[in-house]
Amino acid sequence: MSDFDYLAADDIYLDSACQSLRPRPVIDALNRYYTEHNSCGERVKYAWGRKTDELVEDTRDALLKFLKLKSRDYFVSFTLNTTYGINLLLQQLKPGLFKKVMTSDIEHNSPFLATMTFAKKAGIPRELMIRERDGSINLSNYDFKKALVVVNCASNIDGRKLLNLKDLVKTVHKQGGVIIIDAAQAMAHSSDILEKTEADAICGSAHKVYGPSLGFMIVRRDLLPKIETSFIGGGMVDDVDKEKYQLSAESPNHVYTKFESGLQAWGEIIAFGESLKWLEKRTKADKKNLADCSQRLFDFLKSQPRVHLLNEEANPTMSFYIDGLDSHMLGQALSNEGIMARTGYFCVHYYLDHVRHYPPLIRFSFGYHIRPSDIDKTINVLERILG
Amino acid sequence: MVCIAAFIILCLMSVIVAFLSIFRRDIGKRWWKTFKKAWGCVGKRLTLQKCETGFKEDIKNSILSKVIVKKPKLVKPISVGIEVVAVLIVLVTVWSLVEGAKAGLALWSLGTCNVQRPEACSLSAEVCSIDGDSGPKNPIEAIGYWFSDWGEIFSAIPDKFRDWDNAQLDLRGIMVHANVDKNAKSAIDIFDPGCSVCLQSYRAQKETGFFNEYNVLLVPFPIQNGDGEFKYKNSKMIVEYVMASVYQGNPETYSGAVSPALDIIDRIFMEKDEDHKSYQKLFNDYYSAEEAEEKIKSWLVEFGYSEAEVGEIESRAKSSEIAEIIAKNNDIVVNNIHAKGIPTMIYEGGKHTGAYKQ
């Protein structure tokens, strides 16, 4: 694909679940900010600044549009990454509102750990929900009364989706709870699951959506009364007296400043908007190529007796281990062949190590940059390794 | 096992890189980053925490990852090979540590790092060693010797804390001064007339006034190896004559002034013949037993003894009485003082091995 023309023929990048490769338009947008209108957003009146503000606003709008969410219900704030976003919320949600905090067993450390500290801070129990093999949660098994629920809607192990997300959101809300979605892995290739969601907040990372290194939070406006601002600084206030201040977020037009303390990564925000535009332009052929590549590698891995594949079905994210071979060693061996893949537990230590007792794994995760030749080479190398 | 081996290699490499960093900071900086990660992992494991990849895996993986694609069948044997090498590294290191500890302990307690061959220890003071027997003849014997060395080392440890009382040792020898200064501190100096280090020590003692500072009892000790042979071929005869000279007449009244013993020792250690050959060297390397004995007898005459008195000393030298005194001295030196080499001196409440240094 011409948007990834910088990728050499023998460089095979299979770590998009960590961060996707950036297409040219995204890189160009970032460069344009630095070379054409480098400026502080939100606080200046000169032309470059106004242009920056305009493009940042476009990104906020684009993100809501991407998930078919209405700006009267939601607002977008930017942050460092998904983990940071989840922590910003959990550290500022009023703890007395909840009877328990819930998460699931296959979570990334990001919600997994943040719910631990929340439970400790609030002095409430923490409950782990079991995800079914298809990624869903059996809602009848759990009581969500006044619960704070933090779950992913797509796993970073095998891409399995929270298929009954909509039902979960409804059930949680019905029982007076709050639900925060970790959308880090869903945004790039499974964003449909999030469309028109009614979750209270969605946290994600632009760098997993072909964007620059950046985090975002999509927050329901009616969640704000439950937030007690404690992480605060420049860019968040309209007025400051000796002992008090007035938050900009009190104005509906600037409500996003609730979570944006200090100067933001304006260039990255603007380039993220470009990545969303780029993503919406993916053609059926692009999607078919991604699906075909995923299917081919899935079929190959599934056919190998020594390979333990965690996926039930083909997905751009696949994790496995090979009997008798250390995955970290394999990762190095693949790297020697130009294949870049993640090894270890991918920040899901609890489920992979302590529940399933798997050895460290290898994860292949694809993006739209993937080429059929990449799969040919990967299969060829694996065939040689497997003998 | 690979983990321990990796730890050992990590220790060694850290030392090397630390040294290298002095000259090449860039290389040092790069390697320290790796080592910091590795040491972090060691720290975690020591505190029973998990560490996903440590130095052990890094070493093994970097080797195996190079062969797995090209020669996957070699992975298993190489992996086994790495484990075997790791076991060997651990064994060698543990053995080295134990040997190092043994040598260190021996050096501290016995004054030599080589219990069987004290002279072979370059870390200890220069001595004429009192060697054991000819050593082990097979691996089983070697194990026995190894354990007996530890026995010797441990039995000598109390000596380090012992407040040596020369009077209690009950050694016989030559008082350097005829009229002992009651106020001077006592010293014992065990020597072999054939020992070159004893010669150096004696000269140093004379030069620095050691003999004036202390009431010194010179104890002649012919070094006998484990195989029964004397280390210096004429030492036994010289010691017999020296002790016979000391004990001429009433043993209770002997003194350096009337005894030619000190003169004999002094001449062996200090003087040379007309060809400028040291008498010690002549006795050790040139004189036959008969020539050596004749030389001693001629010296006695020279020192003022009549032929009859020399004959008396000769017969006393070969008597069981002198043999018993020497044997008793030897027993004290070996089994009580635990001397592994001489000269060994005892003064100021401590045992000192090697040539005297002020």
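Between chain B and chain A the count is zero salt bridges, a salt bridge being a side-chain nitrogen of Lys or Arg within 4 Å of a carboxyl oxygen of Asp or Glu. This is a predicted model, in which local features need pLDDT of at least 70, side-chain atom pairs count only at pLDDT 80 or more, and totals for chains, interfaces and linings use all residues. Residues are numbered from 1 along each chain as its sequence is written, chains are lettered from A and ligands numbered from 1 in the order in which they are written, and side-chain values use heavy atoms, with hydrogens and water left out.

**Contact between the chains**

- In the interface, 13 residues of chain B are in contact with 17 residues of chain A, where contact means heavy atoms within 4.5 Å.
- The size of an interface is often given as the accessible area lost when the parts come together.
- About 1,200 Å² is buried between chain B and chain A, and carbon and sulfur atoms give 59% of this area; buried area is the accessible area (1.4 Å probe) that two parts lose on being put together, summed over both.

**Domains of chain A**

- Chain A is divided into domain 1 (2–20 + 283–386) and domain 2 (37–279), with bounds that come from an automatic or database domain assignment.
- The centres of domain 1 and domain 2 of chain A, taken over C-alpha atoms, are separated by 29 Å.
- Contacts join 26 residues of domain 1 of chain A to 22 residues of domain 2 of chain A.
- The area buried between domain 1 and domain 2 of chain A is about 2,000 Å², and carbon and sulfur atoms give 51% of it.
- One salt bridge is counted between domain 1 and domain 2 of chain A.

**Domains of chain B**

- Chain B has three parts: domain 1 (2–99), domain 2 (107–160) and domain 3 (166–353).
- The C-alpha centres of domain 2 and domain 3 of chain B lie 26 Å apart.
- In chain B, 19 residues of domain 2 are in contact with 21 residues of domain 3.
- Domain 2 and domain 3 of chain B bury about 1,500 Å² between them, of which carbon and sulfur atoms give 54%.
- Two salt bridges are found across the interface of domain 2 and domain 3 of chain B.

**Salt bridges**

- Side chains of opposite charge can pair when their charged atoms come close.
- Over all chains, a search of the whole structure finds 35 salt bridges.
- The side chains of K68(A) and E195(A) form a salt bridge (3.6 Å, N to O).
- K68(A) lies in the loop between α2 (47–66) and β2 (74–79) of chain A, and E195(A) in the loop between α6 and β7 (201–205) of chain A, so the pair ties together parts that are 127 residues apart in sequence; helices (H or I, at least four residues) and strands (E, at least two) are DSSP runs, numbered from the N terminus.
- R133(A) and E312(A) also meet through their side chains in a salt bridge (3.1 Å, N to O).
- In chain B, a salt bridge joins the side chains of D159(B) and K351(B) (3.9 Å, N to O).

**The largest pocket**

- The largest pocket has a volume of about 760 Å³. On a 1 Å grid over the protein atoms alone, a pocket is an open set of points with protein on both sides within 12 Å along at least five of seven lines, a cavity is a set of points where a 1.4 Å probe fits but cannot get out, and lining residues have an atom within 4 Å of a point.
- Grid points are joined across faces, edges and corners, and a volume is the space filled by probe spheres set on the points.
- The largest pocket is lined by 40 residues, and K161(A), H189(A), S190(A), N315(A) and P316(A) are the closest to its centre.
- Domain 1 and domain 2 of chain A both give residues to the lining of the largest pocket, so this pocket lies between them.
- α8(A) gives the most to this lining, with six residues.
- By class, the lining of the largest pocket has 13 nonpolar, 14 polar and 13 charged residues; Ala, Val, Leu, Ile, Met, Phe, Trp, Tyr, Cys and Pro count as nonpolar, Asp, Glu, Lys and Arg as charged, and the others, Gly among them, as polar.

**Cavities**

- The structure holds two cavities of 30 Å³ or more.
- The largest cavity has a volume of about 60 Å³, and its lining residues include E42(A), R43(A) and W266(A).
- The second largest cavity holds about 30 Å³ of space, and its lining has four nonpolar, five polar and no charged residues.
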